[in-house]
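Student: I am new to this one. Please show me how to read it, feature by feature.

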Amino acid sequence: MASPVVSDRIWTVPNLLSMLRLLGVPLFLWLILGPEEDWWALLVLALAGLSDWLDGKIARAWDQATKLGQILDPLADRLYIFAALLGLVVRGIVPWWLMALLVLRDVLILGALPLLRHFGYGPLPVNFAGKAATLCLLYAFPLLFIAGYASIIGDVARIMGWAFALWGTALYWWAGLLYAVQGLRLMGQTRRDERADHAGIHAGARDSDPARGHGVDRSDPIAPATADGHPGAAPEGPDGPGLPDQGRTGP
């Protein structure tokens, strides 16, 4: 299948949905830290997930994939993950080390962006492991909020929430490792191309150097002189050092 055309447009329906999803992040964080209205917060999170699915469908169906959308979409997902983690840590539902693991991975990815830009590359596209990790984490956090309620539903939500959280964290780091491998390959390919270009330039300079090629008498100084007093021509043929046949077209 052909890759969708990515444009520089800003005002598209998918981009507007992504912007609305970003505006919901502070509302979501206020609901879980201020009045602790978890059910309303989960509704905001559910609407954000629905808009995330919807803007992707619209972008593909209406050919509205944009460079801005490729930035806004994963940015909104990461901000919701960070907001949910912060709320869970502040309220003592999950330990701080879980948040540290996820934030550290994103810090390393962001730190690699200037290095990629130095080699002429932008942010790497989201891979399948990254999408799966984000999905697991966005399932885990609502379940962990529900786990705070003492009931059978809370107990089941706690088990499922931690299962999604641990799998999501592992996949999150696995996706980061895949990004690192992909980035190293791209940078290595760029270096190999640069070395090949430099080698071609130096080879061309050597071939055009008068001291090494043109303008130098290539005749054998010890060959017998001809009748006019000049040195004899170098022998021709495959065993001789004569110049190749310039009109030859074969291998």
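Tutor: Start with helices. They are DSSP runs (H or I, at least four residues), as strands are runs of E of at least two, numbered from the N terminus. Residues are numbered from 1 along each chain as its sequence is written. This is a predicted model: local features need pLDDT of at least 70, side-chain atom pairs count only at pLDDT 80 or more, totals for chains, interfaces and linings use all residues, and side-chain values use heavy atoms, without hydrogens and water.

Student: Where does glutamate 36 lie?

Tutor: Glutamate 36 sits in the loop between helix 1 (13-33) and helix 2 (38-61).

Student: What should I know about phi?

Tutor: Most residues other than glycine have a negative phi. Glutamate 36 is not a glycine, yet its phi is positive, about 55 degrees. Aspartate 63, in the loop between helix 2 and helix 3 (67-90), also has a positive phi, near 55 degrees.

Student: Is aspartate 63 buried or exposed?

Tutor: Buried means under 20% relative accessible area, exposed over 50%, partly exposed in between (1.4 Å probe, protein chains only). Aspartate 63 has 62%, so it is exposed. Glutamate 36 has 43%, so it counts as partly exposed.

Student: Which residues touch the most other members of the largest nonpolar core?

Tutor: A nonpolar core is a set of buried Ala, Val, Leu, Ile, Met, Phe, Trp, Tyr and Cys residues joined through side-chain atoms within 4.5 Å. The largest here has 31 residues, and Phe28, Tyr80, Leu85 and Phe141 touch the most other members. Helix 5 gives the largest share, eight residues.
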